[in-house]
Amino acid sequence: MKTSWRSASLVASAAVVLALTTACGQDGGGATGSQNVGATAAPGDVGDIGAGAGAGAGDGLASGTGGAQASASPPESAGKLSVSTNAEIGELVTDGAGRTLYRFDADTAKPPKTTCENDCATAWPPVAADDALAGEGIDKSLLGEVTRPDGTKQLTIGGWPAYRYAKDTAAGDVKGQGVGGKWYALAADGKKAKAEEAPGLSTRDDPKLGEIVVDKNGMTVYRFMKDEAWPKPVSACTGACLEKWPVVAPVEPNDTEGVVKKDLMTFTRPDGAEQQTVDCWPIYTFAGDKKAGDTNGQGVGGTWYAVSPDGKPVGAPKK
């Protein structure tokens, strides 16, 4: 009986030591520790981790070192992929929930390889490959998978491993675009999503003003009622005026869309700068317009008005 009691005590002690050793290994991120692959981090400072990551660790930190590491969870499912259009970025791939998918410049496509692990994968959760379906605009043959270091399968598009961004909290968010100069929304062919360059001058339909002229950045174009067009263009906006009303630089006629090309010309200002005209009238943008679509310059001082496609001032009082 005495020998049996001692044997039981030794077995129990060994079990306790083994349990403590296993827990420490998982928590400390040792050789057998698991990596946080699919966890979706709450938006915060962790979002930029991986922006400067090099090949290998992928998160800018030494893999397996530092503080405690969360247990692994499988990458979040992709669902039915589709193509969405963002005004600034162009066409990009979204998952079944409408969330933007990204690629990482430190990864490779030929062969597919992921370098975003540990904390990086918390900020940029990998997209699971197992249930990804090709929806409208997606070529099924471009969908593939890559095995991550922990053995899970990550979706690839055109060979590039696909991720989400933890700070994208709603469908349609593109907060990860350009982070660290290395993260970009995925196009359907696996390349970086990029909007086609807009014409130098084009038109848009404003809900209040109707069809008006905009520059290549989508900024509203204006006319100054004190300017002259005949017999030649003359700008009355000089000195400090130009700080508020920057001139529109020359645009080639074939680099316009929707604007009447007759009398679409440039002229030389007294300071030697070249300025674009529409119907021979000098055109400007407004420093008070902070983003595309703003029309804060409309009617300022009773002398500044948006421009119609034929060069007429929109909403100006008739003489």
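Before I turn to the strands, a definition: two strands pair if DSSP finds at least two bridges between them, and the strands themselves (E, at least two residues), like the helices (H or I, at least four), are DSSP runs numbered from the N terminus. What we have here is a predicted model, in which local features need pLDDT of at least 70 and side-chain atom pairs count only at pLDDT 80 or more, while totals for chains, interfaces and linings use all residues. Residues are numbered from 1 along each chain as its sequence is written, and side-chain values use heavy atoms, with hydrogens and water left out.

Let me begin with the chain as a whole. Its secondary structure comes to three helices and 17 strands. Of the 319 residues, 41% count as buried, where buried means under 20% relative accessible area, exposed means over 50%, and partly exposed is in between, with a 1.4 Å probe and protein chains only. If we take contact to mean heavy atoms within 4.5 Å, then among contacts between residues at least 6 apart in sequence, 69% join residues at least 24 apart.

Four of its five residues are buried, so S8 is largely enclosed by the rest of the structure. On one side of the pairing scheme we have strand S7, residues 143–147, which runs antiparallel to S8 and is joined to it over five bridges; within that pair, Val-146 stands opposite Gln-154 of S8. The two strands form a hairpin with five residues between them, and in the turn Gly-151 has a positive phi of about 95°.

S8 also pairs with strand S9, residues 160–161, again in the antiparallel sense, through two bridges. Which residue of S9 stands opposite Ile-157? It is Trp-160. In this hairpin two residues lie between the strands, and Gly-158 takes a positive phi near 60°.

A polar atom of the Thr-156 side chain lies 3.2 Å from the backbone nitrogen of Glu-145. Leaving aside residues up to four places away in sequence, Thr-156 touches Pro-112, Leu-142, Leu-143, Gly-144, Glu-145, Val-146 and Pro-161.

Next, the largest pocket. By pocket I mean an open set of points on a 1 Å grid over the protein atoms alone, with protein on both sides within 12 Å along at least five of seven lines, where a 1.4 Å probe fits, and the lining residues have an atom within 4 Å of a point. The space in the largest pocket is about 630 Å³, where the volume is that filled by probe spheres set on the grid points, joined across faces, edges and corners. The lining has 23 residues, and those nearest the centre are Ala-87, Glu-88, Ala-195, Glu-196 and Ala-198. Two or more lining residues come from each of strands S1 (80–86), S2 (90–94), S11 (201–206) and S12 (210–215), and S11 gives the most, with three residues.

By class, that lining has seven nonpolar, eight polar and eight charged residues; here Ala, Val, Leu, Ile, Met, Phe, Trp, Tyr, Cys and Pro count as nonpolar, Asp, Glu, Lys and Arg as charged, and the others, Gly among them, as polar. As for S11 and S12 themselves, six bridges join them in the antiparallel sense, they form a hairpin with three residues between them, and Asp-206 has Gly-210 in S12 as its bridge partner.

Finally, some backbone details that anyone preparing this model may wish to look at on the screen. A cis peptide bond, with omega of about 0°, joins Lys-110 and Pro-111, and Pro-111 is found in the loop between strands S4 (108–109) and S5 (112–113). The peptide bond from Trp-230 to Pro-231 is also cis, with omega near 0°, and Pro-231 is in the loop between strand S13 (222–224) and helix H3 (241–244).

Where do we find a positive phi at a residue that is not a glycine? Asp-263 has one, of about 60°, in the loop between H3 and strand S14 (266–268), and at 28% relative accessibility Asp-263 counts as partly exposed. Asp-279, which is not a glycine either, has a positive phi of about 55°; Asp-279 lies in the loop between strands S15 (274–278) and S16 (281–282) and is partly exposed, with a relative accessible area of 21%.

Methods. A polar contact is a pair of N or O atoms within 3.5 Å; within protein, one must be able to donate a hydrogen and the other to accept it, and residues adjacent in sequence count only if both atoms are side-chain atoms.
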